[in-house]
Amino acid sequence: MRWAILGCGQMSSALVLGTQGSEDFSGENFFCFDPIVERAQDLADQIGGSYYSRWEELPAADIYLLGCKPQHFKDLASSIHASLPATASLLSIMAGVSVEIVRGQLGSQRAVVRVMPNRAALLGMGVHALFCSSNTSDDLLSEVERFIGASGEIFLFDSEEMIDRITGVSGSGPAYLFKLAEELAAKLVEMGISRRTANLMVAQTLLGASTMLVNNPHDANQLKDSITSKGGVTQAALEVLDRGGFDQLISSALDAAYQRTKEL
Ligand SMILES: NC(=O)c1ccc[n+]([C@@H]2O[C@H](COP(=O)([O-])OP(=O)(O)OC[C@H]3O[C@@H](n4cnc5c(N)ncnc54)[C@H](OP(=O)(O)O)[C@@H]3O)[C@@H](O)[C@H]2O)c1
């Protein structure tokens, strides 16, 4: 199938690059389009695809990936609406933009698959939540699953509401861990450890903990208990987090993310 990538930013590029180890996807079947032509060119050069800065020049494709920011979608839709091939399907990665909104702008009968990807797709370790319109064919779904699955794990949902709720966890989640990493490293630096060493120690700590969790995904609580001895160092720190309302803070942060998703 031929893919048109509309908006060659960080996320869509990560997804496209993820496919390049797979025999199912040849670079020449990707048509890269971005108002900033250097971005389209950069992606196309990496995969052996073609690039365009003008919509009118784009060859017809089977699947159009909507990869711009939500606030640019209306502009994108108004440029492409009239000449989008009647049989083309859409894959949207835009946070907070419903299938209904996409169809409202680009055709009420179009098959639309919505995915909430995450940035670890760059490493083939993405978390991709998927929802599709009821007229999505099995062929389209399996093509999209091959595309998305090349850069991460797929979680298919039959309620679009879940995609909005999940956005604040899997889409934004890496940012919370980077924030935690920043704070942990800052404390090590304050203790006199070099910035470089501090950053490496924290990164390795998170990697080790994540790997333990991946091997035991149902047991975060048990893993936590296994390194928390009564009256010990970890417990002292965790008690401060509890007293500071850590659980409530995380819950409120996720509520704010959900609220923002709905506003977009
Ligand atoms: N980044 C993430 O971790 C992440 C995670 C989950 C979902 N997403 C979703 O992925 C989408 C892209 O995010 P991103 O971080 O990759 O953003 P980004 O790097 O800014 O990429 C968006 C690209 O789309 C281009 N664009 C703007 N208007 C366009 C138009 N009319 N037609 C075609 N392209 C247009 C932008 O150009 P300009 O810079 O000139 O505007 C930019 O090159 C967003 O909708 C976001 O919600 C991102």
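This is a predicted model: local features need pLDDT of at least 70, side-chain atom pairs count only at pLDDT 80 or more; totals for chains, interfaces and linings use all residues.

1. Which residues of α4 are buried? They are V99, V102 and L106. Seen down the helix axis, these buried residues fall within an arc of 65°, so they line one face of α4. An α-helix has 3.6 residues a turn, so residues three or four places apart point the same way. On the other side of α4, E100 and G104 are exposed. After the helix comes G107, and its phi is positive, near 125°.

2. Helix α4 covers residues 99-106. Together with β5 and β6 it makes a β-α-β unit, and that unit is right-handed. Strands β5 (residues 89-92) and β6 run parallel and are joined by three bridges. Within this pair, L91 stands opposite V113 of β6.

3. Is it buried or exposed? Five of its five residues are buried, so β6 is largely enclosed by the rest of the structure. Both faces are covered. V112, R114 and M116 are buried on one side, and V113 and V115 on the other. Note that R114 is among the buried residues. Helix α6 (residues 160-171) lies across β6 and β7, and it runs at about 30° to β6.

4. Now the other neighbour of β6. Strand β6 (residues 112-116) is joined to β7 (residues 126-132) by four bridges, and these two strands run antiparallel. V113 faces C132 of β7. V115 has L130 of β7 as its bridge partner. V113 also stands opposite L91.

5. Then the whole sheet. How many strands does it have, and in what order? There are eight, arranged β3-β2-β1-β4-β5-β6-β7-β8. The sheet is open and its pairing is mixed. Strands β3 (50-52) and β8 (152-156) are the edges, each pairing on one side only. On average, neighbouring strands are turned by 25° against each other, direction ignored. Helix α2 (residues 37-47) packs on this sheet, where it touches β1 (3-6), β2 (30-33) and β3. The direction of α2 makes about 175° with that of β3.

6. Five bridges join β7 to β8, and the two run parallel. A129 stands opposite F155 of β8.

7. Helix α5 (residues 138-149) passes a simple length check. Its twelve residues, at 1.5 Å each, should span 16 Å, and the end C-alpha atoms are 16 Å apart, which agrees. The buried residues of α5 are L140, E143, V144, F147 and I148. They cover an arc of only 125° around the axis, which puts them on the same side of α5. The face turned away from that buried side carries D138, D139 and S142, which are exposed. Cover for the buried residues of α5 comes from elements that include α1 (10-18), β4 (63-66), β5, β6, β7 and β8.

8. Why does A4 count as buried? It has 26 C-beta neighbours inside 10 Å, and the cut-off for a buried residue is 20 or more. Leaving out residues up to four places away in sequence, A4 touches F31, F33, L58, A61, Y64 and L65. By contrast, L206 sits 202 residues along the chain from A4, and their C-alpha atoms are separated by 36 Å.

9. Last, the overall numbers. The protein has eleven helices and eight strands. Its C-alpha trace spans about 65 × 35 × 30 Å along the principal axes. Of its 264 residues, 33% count as buried. Among contacts between residues at least 6 apart in sequence, 65% join residues at least 24 apart.

Methods
Residues are numbered from 1 along each chain as its sequence is written. Two strands pair if DSSP finds at least two bridges between them. Axes are lines fitted to C-alpha atoms, for helices over the stretch in contact, and angles run from 0 to 180 degrees between N-to-C directions. Two residues are in contact if their C-beta atoms, placed from the backbone, lie within 7 Å. A residue is buried if 20 or more other C-beta atoms lie within 10 Å of its own, exposed if 12 or fewer, and partly exposed in between; C-beta atoms are placed from the backbone. A crossover is right-handed if, with the strands pointing away from the viewer, the path from the first strand over the helix to the second runs clockwise. The expected span of a helix is 1.5 Å times one less than its number of residues. The arc is that of the directions from the helix axis to the C-beta atoms.
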